[in-house]
Amino acid sequence: MDCRGRWSNVQRYKLQRGLNSILFYGFVLMLVFAVLAPFVWMVISSISPQVELTKRPPHWFPEEPTLHRFRALIFGAGQGQSMPVATERFVSALVNSLLVSSTTTLVCIVAGSSAAYALVRLPVPGKQHFLVGMLGAQMLPIIVIIIPLYLLMQAAQLLDTRQGLIVLYSGFMLPTVIWIMHSYFQTIPMELEEAAMIDGCSRVGTLVRIVMPLSGPGVVAVAAFTFLSSWNEFFIALILTASQAKTITVIVTEFATQFGIDYGLMTTGGVIGSIPPLILALLLQRYIVQGLTAGAIKG
Amino acid sequence: MSGGYAFVLPGVLYLGIMSLYPMLYVFQLSLYDKQDEFIGIGNFIKAFNDPLFLLSVKQSFIFVVLSAVCHVCLGLLIAVLLNQPMNRLFRNTMRSLIMMPWAITPVVVAVIWRLLYNPHLSIIPSVLESLGLNIQWMLLASPTLALPAVTVANIWFSLPFYMLMLLASLQAIPGELYEAAGIDGANIFQRFRFVTIPHLRNILITLFLFDFIGAFVFFDLIWVMTKGGPANRTEVMATYAYRQAFERFDFGYSAAVAVLMFLIMLVCSLGLLLLMRREE
């Protein structure tokens, strides 16, 4: 009798714990769903036919999902279809964004790693001033200094060119890149480099063969961060580009027709534009978080 | 010696051309009017006499403070939740998923929320209706609700970043401290109040500062969502400065607004840093 009662208490306890953890996991799932729902709604809208977009009441999944907007944006509008002007420019904007972001990343890694390396290893006079100056530059918002930069680009005849965007983007990301690389390079033991130099490696050789591979996670994080930031950049692109060099962020805001905004195409553009950053972020999550924590918390 | 210079030179050049020169130039520009006449502090006087400018300062502060407070509080809440003991795979999956909004382009975030705030295209009104709430869903057209609506979009957008930072700091708190507090009879709230909060104090202030600076100059979201409207009720300093320069072509006045932005940010940052140092 006594024994049976105790047994049921244990059972009750286990049941209670099981229920609690189901509730807990359920709650976390719901929270994550709530956070993701806005994005999901954009994806759903992009594959809903025009009629279903404004249908009341709306449903979560379209009855006849369609990819015709994706086709229109990537392969161009079909005969007789009237589409906003931005539709034709979409592919060229996509190419612009890809070219600008990858070149910016390359420039930042090359210039940033050499500067960071020198700051760690070589006797550079005024090193401390430079580091402080970089921190200051990191704090300086683009919006405060956009007018001089615009005038500078105008004088250099770089308005509405990809080169102009690359110059400005790398300029803005370089301080952050140098800062993070600097903190990574500091963790690499000097002896390895000395050994390489005894074996006849030059300074540049040591940097390329020893230091860069050893700070792999740092380099990956910085590259991903630079690519993401240039891909996402809107303000400079809005001001500097007029037609030729428009990037994807600018084109996404331009899906207006004479009847108003074409939300269907706008969401489709948004979905396509989110693909590269989302893939990068998911693949490199660990590195990005590491790099950001190093940069943001220590800095 | 010269080798060192060659390595640093690209960085120095960029820094000079991209930061130092423009900063000095903005200060100089702010003293000239539209016709390139030197007017001293005329532009600054003009700004303080412009009700629209003062409105944009006020709205900037509402946007920034509301965003930062919600980021830090909600971020901490979710971080604590994800820091509870749970299945590892589940935790990692949830963490990756919840990071998604942060990776999305700000412009696309604006598109998403324009969609959600649109009375004809959004799913929210019908969800509310099924809960028995009949609300007129026209947030971005409403002078009173547009600013909170834009702020909510901003909170959603960078919440994951703050959550991740706080989660990383939470994981750095030694477990023994909680055990010790438990032995001393502290309940879950007391443990949060007397172990977690003191440990996170500095990172909380740092994140607040970080957010403050970031949101203060954040242009993309508001511009794509409302362009400062309706009736200027979402105009912030960033959109105001942009309008003066690239719609009215009054570069001098816009530069003055930029200088004021810079000064406000400087003063607020120093204040927060002092707060951090003093109570350490």
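A polar contact is a pair of N or O atoms within 3.5 Å; within protein, one must be able to donate a hydrogen and the other to accept it, and residues adjacent in sequence count only if both atoms are side-chain atoms. This is a predicted model: local features need pLDDT of at least 70, side-chain atom pairs count only at pLDDT 80 or more, and totals for chains, interfaces and linings use all residues. Residues are numbered from 1 along each chain as its sequence is written, chains are lettered from A and ligands numbered from 1 in the order in which they are written, and side-chain values use heavy atoms, with hydrogens and water left out.

**View 1. The interface of chain A and chain B.** Across it, 4 residue pairs are in polar contact, both residues at pLDDT 80 or more. Helix H1 (residues 2-47) of chain A gives the largest share of the chain A side, 14 residues (helices are DSSP runs of H or I, at least four residues, numbered from the N terminus). That side has 67 nonpolar, 15 polar and 2 charged residues (Ala, Val, Leu, Ile, Met, Phe, Trp, Tyr, Cys and Pro count as nonpolar, Asp, Glu, Lys and Arg as charged, the others, Gly among them, as polar). Contact (heavy atoms within 4.5 Å) joins 84 residues of chain A to 81 of chain B.

**View 2. Thr267(A) in helix H13 (residues 263-283) of chain A.** Thr267(A) is buried, at 1% relative accessible area (buried means under 20%, exposed over 50%, partly exposed in between; 1.4 Å probe, protein chains only). Leaving aside neighbours within four places in sequence, Thr267(A) contacts Met42(A), Ser45(A), Ser46(A), Val111(B) and Leu115(B).

**View 3. The salt bridge of Lys46(B) and Asp250(B).** The closest N and O atoms are 3.2 Å apart (a salt bridge is a side-chain nitrogen of Lys or Arg within 4 Å of a carboxyl oxygen of Asp or Glu). Lys46(B) lies in helix H2 (residues 42-48) of chain B, and Asp250(B) in the loop between helix H12 (237-246) and helix H13 (251-278), 204 residues apart. Lys46(B) is partly exposed at 39%; Asp250(B) is buried at 7%.

**View 4. A network of salt bridges in chain B.** Glu235(B), Arg243(B) and Glu247(B) are linked. Arg243(B) and Glu235(B) meet at 3.0 Å, N to O. Both of these residues are buried.

**View 5. The salt bridge of Glu254(A) and Lys246(A).** The closest N and O atoms are 3.1 Å apart. Glu254(A) is partly exposed at 28% relative accessibility, whereas Lys246(A) is buried at 10%.

How values were computed. Helices (H or I, at least four residues) and strands (E, at least two) are DSSP runs, numbered from the N terminus.
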